[in-house]
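Have the sequence and the model open side by side. The tour below goes from helix pairs to sheets, then to a few backbone details.

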Amino acid sequence: MTDLFNFSAGPAMLPKEVMQQAQQELLNWQGQGVSVMELSHRDPAYVKMARQAEQDLRDLLAVPDDYEVLFLQGGGRGQFAAVPQNIASKSATVDYLDSGIWSGYAIREAEKFVNRVNVVGGQQQQANGKALTPRSDWKLSEDAAYFHYCPNETVDGIALHQIPDDIAAPLVADMSSNLLSEPLDVSRFGVIYAGAQKNIGPSGFAVVLVKRDLLGTPQTELSSIMDYQIQAKSSSMYNTPNTFAWYLSGLVFKWLKEIGGLQEMGRRNHRKAELLYQYLDQSEFYRNEVQPEYRSIMNIPFQLADKKQELRFLQQAQAQGLSGLKGHRFVGGMRASLYNAMPEEGVHALIQFMDEFQRKL
Ligand code: PMP
């Protein structure tokens with residue numbers, strides 16, 4: 001089917017122009033006579049492309065010069081383990097906001113590597129919907145090595161839009177599902193990491209931005225491929241990187257620059273999300289359970305008033321070219337992920353389908 005809109009939470013829709021370019025040059029990249037997948041990562045043409053991808057990412061996010069940009073393997077979860085081992089000692093206390101399913105996993109992983117993970121707050125179920133513990137109630141520890149949070153919880157559709165600005169410890173953010181979705185002040189963070197398979201490229205790959213002055217003494221058992229300092233010194237080629245993922249991510253960065261960068265991307269993303277939330281809010285039939293202040297612009301979960309209709313909804317949506325709408329297996333319901341590559345027409349098509357589905361019942 002050519003006109004399918006893919007609402008999958010990840011691996012997710014990638015820009016069509018990028019996929020077309022990759023297809024067109026798959027067998028013969030840059031006149032080399034071989035695929036980019038078949039070329040040494042030490043080949044000068046590959047190295048040039050890889051460096052350009054890093055530069056494009058730096059340009060998009062205006063990454064300050066005192067930050068390393070790393071392209072690593074192991075996706076988002078790899079970083080759940082890499083962060084504590086790289087920037088906290090075994091005897092350290094670290095602070096985590098438990099805002100949803102992914103923060104929970106990050107906490108349980110960090111517990112293996114530090115003395116104490118202090119959970120400062122989490123989700124709250126209030127009469128008017130799901131929210132997060134307000135900043136004034138966070139129970140921060142005195143001496144945390146860092147403060148970790150996930151600004152966009154992919155499963156729950158909950159976001160913390162404000163960057164906490166009064167925390168002494170370096171901020172660490174899991175931005176797997178929101179990096180590159182809108183402008184970001186990187187200088188406010190010590191570490192930003194993201195699994196690639198939403199707004200960046202293929203899965204199993206990760207982008208890490210880390211402030212150089214945090215790279216002191218990693219834990220001794222830290223594996224070399226996860227060691228930020230070793231990877232920084234080797235320009236993320238300590239071991240053979242995922243060359244295809246790096247290449248494809250580079251195409252995505254170029255695409256983002258061409259459409260006008262993160263300002264324009266953010267404008268489009270906010271508009272798409274607004275359209276769907278507006279529709280959900282006026283409906284008696286569908287509902288989103290997150291308070292407006294905490295709503296994600298990337299992942300929008302919704303429920304049907306009549307749960308028995310869910311399967312029919314998903315089948316009919318798929319038949320009409322709207323795929324990937326099934327909610328996460330832990331929470332059920334539906335979820336529309338509106339990442340960068342989803343055009344506004346996809347949101348209009350979804351709303352039209354939802355309207356018809358309801359009317360035909
Ligand atoms: N963090 C967040 C916010 C995610 O959404 C995901 C994946 N959906 C992960 C971490 C884990 O990423 P991966 O599967 O690449 O390890």
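**Helices, sheets and backbone**

Helix α6 (residues 243–259) and helix α7 (residues 261–282) have axes that come within 7 Å and cross at roughly 80°. Axes are lines fitted to C-alpha atoms, for helices over the stretch in contact, and angles run from 0 to 180 degrees between N-to-C directions. α6 is therefore roughly perpendicular to α7. The angle classes are these: under 35 degrees is roughly parallel, over 145 roughly antiparallel, 65 to 115 roughly perpendicular, and the rest oblique. Helices (H or I, at least four residues) and strands (E, at least two) are DSSP runs, numbered from the N terminus.

This is a predicted model: local features need pLDDT of at least 70, side-chain atom pairs count only at pLDDT 80 or more, and totals for chains, interfaces and linings use all residues. Residues are numbered from 1 along each chain as its sequence is written, and side-chain values use heavy atoms, with hydrogens and water left out.

Which residues make the contact between α6 and α7? From α6 come Trp255, Leu256, Lys257 and Ile259; from α7 come Gly261, Leu262, Glu264, Met265 and Arg268. Contact means heavy atoms within 4.5 Å. By class, five of these residues are nonpolar, one is polar and three are charged. Ala, Val, Leu, Ile, Met, Phe, Trp, Tyr, Cys and Pro count as nonpolar, Asp, Glu, Lys and Arg as charged, and the others, Gly among them, as polar.

Now take the other helix pair. The axes of helix α8 (residues 310–319) and helix α9 (residues 344–360) come within 11 Å and cross at roughly 130°. The two helices are therefore oblique to each other. Their crossing is right-handed; the term applies if the near helix is turned clockwise from the far one by less than a right angle, and anticlockwise gives left-handed. α8 supplies Arg312, Phe313, Gln316 and Ala317 to the contact, while α9 supplies Phe353, Met354 and Phe357. That contact has five nonpolar residues, one polar and one charged.

Turn to the sheets. Eight strands form an open sheet with mixed pairing, in the order β2-β11-β10-β9-β6-β3-β4-β5. Two strands pair if DSSP finds at least two bridges between them. β2 (67–73) and β5 are the edge strands, each pairing on one side only. From one strand to the next, the twist averages 15°.

Follow β4 (residues 116–126) within this sheet. Strand β3 (residues 93–98) runs parallel to β4, and six bridges join them. Asp95 has Asn118 of β4 as its bridge partner. Leu97 is bridged to Gly121 in β4. Between β3 and β4 the chain passes through helix α4 (residues 101–110), and this β-α-β crossover is right-handed. Right-handed here means that, with the strands pointing away from the viewer, the path from the first strand over the helix to the second runs clockwise. β4 also pairs with β5 (residues 129–132), in the antiparallel sense and over four bridges. A hairpin of two residues joins β4 to β5. Gln126 stands opposite Gly129 of β5.

Helix α3 (residues 75–87) lies across β2, β3, β9 (171–174), β10 (191–195) and β11 (205–211), and runs at about 155° to β10. α4 packs on the sheet and touches β3, β4, β6 (147–149) and β9; its direction makes about 160° with that of β3.

There is also an open sheet of three strands, β12-β13-β15, with antiparallel pairing. Its edge strands are β12 (286–287) and β15 (334–337). β13 (residues 299–304) pairs with β15 over four bridges. Pro301 stands opposite Arg335 in β15. α7 packs on this sheet, touching β12, β13 and β15, at about 20° to the direction of β13. α8 touches β12, β13 and β15 as well, and its direction makes about 130° with that of β13.

Finish with the backbone. Most residues other than glycine have a negative phi, and most peptide bonds are trans. Gly10 and Pro11 are joined by a cis peptide bond, with omega about -5°. Pro11 sits in the loop between β1 (5–6) and α1 (16–24). Gln30 is not a glycine, yet has a positive phi of about 50°. Where is Gln30? Gln30 lies in the loop between α1 and α2 (44–61). Leu180, in the loop between β9 and β10, has a positive phi of about 75°, although it is not a glycine.
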